[in-house]
Amino acid sequence: MAKYSVMVIGLGKRGGHHVQHFNAHPDFEVTAVCDINEKQIDAVVQEHNLPDSVVRGTDAKSVAMEAKPDVLAFMTLPNIRKMFVELGAECGAKMIAFEKPVALTSEEGLEIKEIIEKSGLKAVLSYQHRYGTHYQAVKDIVDSGKIGEVTDIYANAMGWPAHMFTHMLHYSRWYAGNPKGEWVIANAAGKNKLSSPDHHLSPDYLAGIVNFENGVHGVYEVGAGQPDVKHVGKWFGKNRIGVKGTKGYAEAYTNGGYKAVTPEGVIEGEGAMDYHKDMPGYIQDIADDLNGVQPHPCNFENAWENFSIWQSMYRSALDGGQVSLPLTEGRNEVEEFRKTLRDTPVLPSFESDETKEQFGL
């Protein structure tokens, strides 16, 4: 079987991971790379020993139209999603693969959804943490029935909402069987990250509740107000994803392993986020999807559910009260938050140098 050709746009750390791990898989070959920085292109070509035949350049459209890749993977900032989704459709790609979130506003998200559905593109998003052994261990415990019937899911993360909220929804929903949301209620605080230099624009803190269609209840806190995960040292790794059942509970911690409490006792183990360990499974699932084996677990339909719940929480924070799903109408929530959120600094749940730096305190 001929290999699927891959073009990678955005050659920073995450782009380099994609070049390395696509090329390491027998079903793929990176045939094109693009970045706005020529020196970064040269560095990636040299680091990964890419052949002279690889199409390269700083203009994504010209490179894509010359290379005609089967997979267009773009690891770019979230404020420039739509243009690369459109490019994937225009250059004839079979699949696009890109970083979360889908978009920063429901307005752009719905536009992206329409492009994908009309073009017939397959699409996957990078929720690669799920391939970590500690995340997988919690899923195995839940599926084994050791904590009984799932009743509640919950998650909290230190990174602000545009960075981490859909991550938390993705993994917790996975533990509960990927239910769809029925309604949400939420509130937000802090304007510092609405002008974030990395363009992950969002309030500094978002807390909310989700009622899922299967009766499972979800509770989420992301950003400065989230509770500390005391046994985890790495600031961005202080993330807890948990699931409660009728007989016990289980939790995964991004940089702190996992733990479950069951009628038989405590089960725990190590584990931490490691892109080089987590990427092979993500890439294998891309191959399986393209080869018709099974849909990718990070497919756009699943990612859209995460996105629509998150954006509906924004609506609740902006308008007050409960918000029903599904999400059907687009708005620019980022601009609305800029106009309506109080100017007072966010109140963190615990003091740290990283918290002060990240949230301008």
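**Close-up 1. Helices α9 and α10 side by side.** The axes of helix α9 (residues 300–319) and helix α10 (residues 333–340) cross at roughly 25° and come within 11 Å; axes here are lines fitted to C-alpha atoms over the stretch in contact, with angles running from 0 to 180 degrees between N-to-C directions. α9 is therefore roughly parallel to α10 (angles under 35 degrees count as roughly parallel). Helices are DSSP runs of H or I with at least four residues, strands are runs of E with at least two, and both are numbered from the N terminus. On the α9 side, the contact (heavy atoms within 4.5 Å) is made by Gln311, Tyr314, Arg315, Ala317 and Leu318, and on the α10 side by Glu333, Glu336, Phe337 and Thr340. These residues divide into four nonpolar, two polar and three charged.

This is a predicted model, in which local features need pLDDT of at least 70 and side-chain atom pairs count only at pLDDT 80 or more, while totals for chains, interfaces and linings use all residues. Residues are numbered from 1 along each chain as its sequence is written, and side-chain values use heavy atoms, leaving out hydrogens and water.

**Close-up 2. Asp70 in its loop.** Look for Asp70 in the loop between α3 (60–67) and β4 (71–74). Asp70 counts as buried because its relative accessibility is 16% (buried means under 20% relative accessible area, with a 1.4 Å probe and protein chains only). Beyond its neighbours within four places in sequence, Asp70 is in contact with Lys3, Tyr4, Ser5, Ala93, Lys94 and Met95.

**Close-up 3. Gln128 and its contacts.** Gln128 sits in the loop between β6 (122–125) and α6 (133–144). With 2% relative accessibility, Gln128 counts as buried. Setting aside neighbours within four places in sequence, Gln128 is in contact with Arg14, His167, Tyr171, Tyr275, Asp278 and Tyr282.

Methods:
Buried < 20%, exposed > 50% of the residue type's maximum accessible area, 1.4 Å probe, protein only. Parallel < 35°, antiparallel > 145°, perpendicular 65-115°, else oblique. Nonpolar A, V, L, I, M, F, W, Y, C, P; charged D, E, K, R; others polar.
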